[in-house]
Amino acid sequence: VTEIQRNVEFKITFFIEEKALNLLVFLPPNFPNEIPVVTVSPAITHPWINNQMVVTGCDSLNQFYMHSNLGRALQDVCKELIEHPPSFIQYQNHAAVSSPQSYMRPTAVEDIPSSVSTTLVETEIDDDSTSKDKLEGFSKITRTLDNCSVEELKDLQNNPEKLMKLIFDADLINSSTRNREDQMIRLEKIAGENIEYGPKLYEARQRLVDKYDELSQLRDEFDKWSSIQNDLLETHTRDNLHLALQLGVSEMDEKAEKVAEQFLNENTLEIEEFIRTFTEKRKLTHIRHWKQENVLRL
C-alpha cells in the first residue's frame, strides 16, 4: 500500500498472471459519508470495471457507509480480480523501437587527434609500399641471377664489387634509406604533436582529480544518509507501525464516542458542529484501521 496524498489517495499494487495491477483509492471530501472511488491501472476489461476503469461491480463498495470496513471492501475487489483474472488492454505502439546498438556507449574517437590517426594510416600505407619495393627489388635480383651462367655466378661470388653493384641496381639499399628517413620525419612530427597535447592532458588529469574528490564527498554524504535511513528502518518496523496504528484507531474511536456523548447527554454541541466533528473522527478511524490491516502485508 502506497499513500500518494495523505489521507486522500492511496495505491495498492498486486500481480495477476505476472502482470502488475494497481488499485487507486480516492477518498472524497465527505468520506466516510460518501463512497470512496476506486480505479484500476493499467486498462483492463472485467465485469466489475467500467469503461473509465472505475470499480462499479463491488457490492461492499457500492453499499459503503460510515460504519463499513474499507479494508475489507478493497480485499473483495482484489480477491475478485485474482480469482477471475481480467483481460489487459494492449495499445499498439507505432513508435520505432531503437536497436540495442543505438544505446551503446560511443567510442571516444573525437578525443584522438586527427593528425595522429592520419599519420598512423599514412605509416601503414608507406609500410605496404616499402614492402612492395623490397619485393620488386628481390624479384629483379632473382631474375638477374636466373639468367646468369655458372661461370657468371662464380664470378659474382668471387667479386664482391659486382655483387654490390647488382644490389645497388635493384635499389634495395637506397629505398630502405629513403624509407627510414621518411619514418624519422613522421616520428618527429608525431612527437611535436604529442608535446602540444601535453597541457590538454594535464587539464584532463586535473579534472579527473577534481571528480574523484567530488566522488569522495558524495560517498561520505551517501554513507551518512544511509546510516540515518538504517536507524529509521530499525525504529519504524512493521510491528511498531502496526502498534502505533492500533493505538491511533483506539484513540479516534474514543474521541468519536466522546463527541457523541457530548451531543446526546451534555447538549454542549450544535448539530452542525457535531456532524462535522464526528464525521472527521470517523474518517480518521477508517483510514487508520485500513492502514493497520495492510501494514503487516508489506
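Leaving aside its neighbours within four places in sequence, with which residues is Arg282 in contact? The residues in contact with Arg282 are Pro32, Met66, His67, Asp253 and Ala256, where contact means heavy atoms within 4.5 Å. This is a predicted model, in which local features need pLDDT of at least 70 and side-chain atom pairs count only at pLDDT 80 or more, while totals for chains, interfaces and linings use all residues. Residues are numbered from 1 along each chain as its sequence is written, and side-chain values use heavy atoms, with hydrogens and water left out.

- Arg282 is located in helix H9; helices (H or I, at least four residues) and strands (E, at least two) are DSSP runs, numbered from the N terminus.
- With a relative accessible area of 13%, Arg282 is buried; the classes are buried under 20% relative accessible area, exposed over 50%, and partly exposed in between (1.4 Å probe, protein chains only).
- Arg282 forms a salt bridge with Asp253, and their closest N and O atoms are 3.2 Å apart; a salt bridge is a side-chain nitrogen of Lys or Arg within 4 Å of a carboxyl oxygen of Asp or Glu.
- Asp253 belongs to helix H8 (residues 238-266) and Arg282 to helix H9, so this pair ties together parts that are 29 residues apart in sequence.
- Asp253 is partly exposed, at a relative accessible area of 29%.

**Other salt bridges**

- Side chains of opposite charge can pair when their charged atoms come close.
- The whole structure contains four salt bridges.
- One of them joins the side chains of Glu214 and Lys211 (4.0 Å, N to O).
- Both Glu214 and Lys211 lie in helix H7, three residues apart, about one turn of the helix.
- Glu214 is partly exposed at 41% relative accessibility, whereas Lys211 is exposed, with a relative accessible area of 55%.
- A salt bridge also links the side chains of Arg219 and Asp223 (3.6 Å, N to O).
- Arg219 and Asp223 are both in helix H7, four residues apart, about one turn of the helix.
- Asp223 has a relative accessible area of 36% and is partly exposed.

**Nonpolar cores**

- The largest nonpolar core has 28 residues, and those with the most contacts inside it are Phe14, Leu23, Val55 and Leu81; such a core is a set of buried Ala, Val, Leu, Ile, Met, Phe, Trp, Tyr and Cys residues joined through side-chain atoms within 4.5 Å.
- Two or more residues of this core come from each of strand S2 (9-16), strand S3 (19-26), strand S4 (37-41), helix H2 (70-83) and helix H9 (271-295).
- H2 contributes the most to this core, with six residues.
- Neighbours within four places in sequence aside, Phe14 is in contact with Lys19, Ala20, Leu21, Leu23, Cys78, Leu81 and Ile82.
- Apart from this core lies another, of seven residues, among them Ala256, Ala260, Phe274 and Phe278.

**Surface patch**

- Trp225, Ile228 and Leu232 form a nonpolar patch on the surface, with about 300 Å² of accessible area together.
- Patches are made of residues with over 30% relative accessible area and no salt bridge, like charges being joined within 9 Å and nonpolar side chains (Val, Leu, Ile, Met, Phe, Trp, Tyr) within 5 Å.
- Accessible areas come from the Shrake-Rupley method with a 1.4 Å probe, and for residues only the protein chains shown count as cover.
- Leu232 is in helix H7 (residues 198-235) and is partly exposed, with a relative accessible area of 45%.

**Strand pairing and backbone geometry**

- Strand S1 (residues 2-5) and S2 run antiparallel and are joined by three bridges; two strands pair if DSSP finds at least two bridges between them.
- Glu3 has Phe10, in S2, as its bridge partner.
- The hairpin of S1 and S2 has three residues between the strands, and Asn7 in this hairpin takes a positive phi near 60 degrees.
- Most residues other than glycine have a negative phi, and most peptide bonds are trans.
- Glu17, in the loop between S2 and S3, has a positive phi near 50 degrees and is exposed at 62% relative accessibility.
- Glu18 is found in the loop between S2 and S3; Glu18 has a positive phi of about 65 degrees and is exposed, with a relative accessible area of 78%.
- Ser41 and Pro42 are joined by a cis peptide bond, with omega about 0 degrees.
- Pro42 lies in the loop between S4 and strand S5 (44-45).
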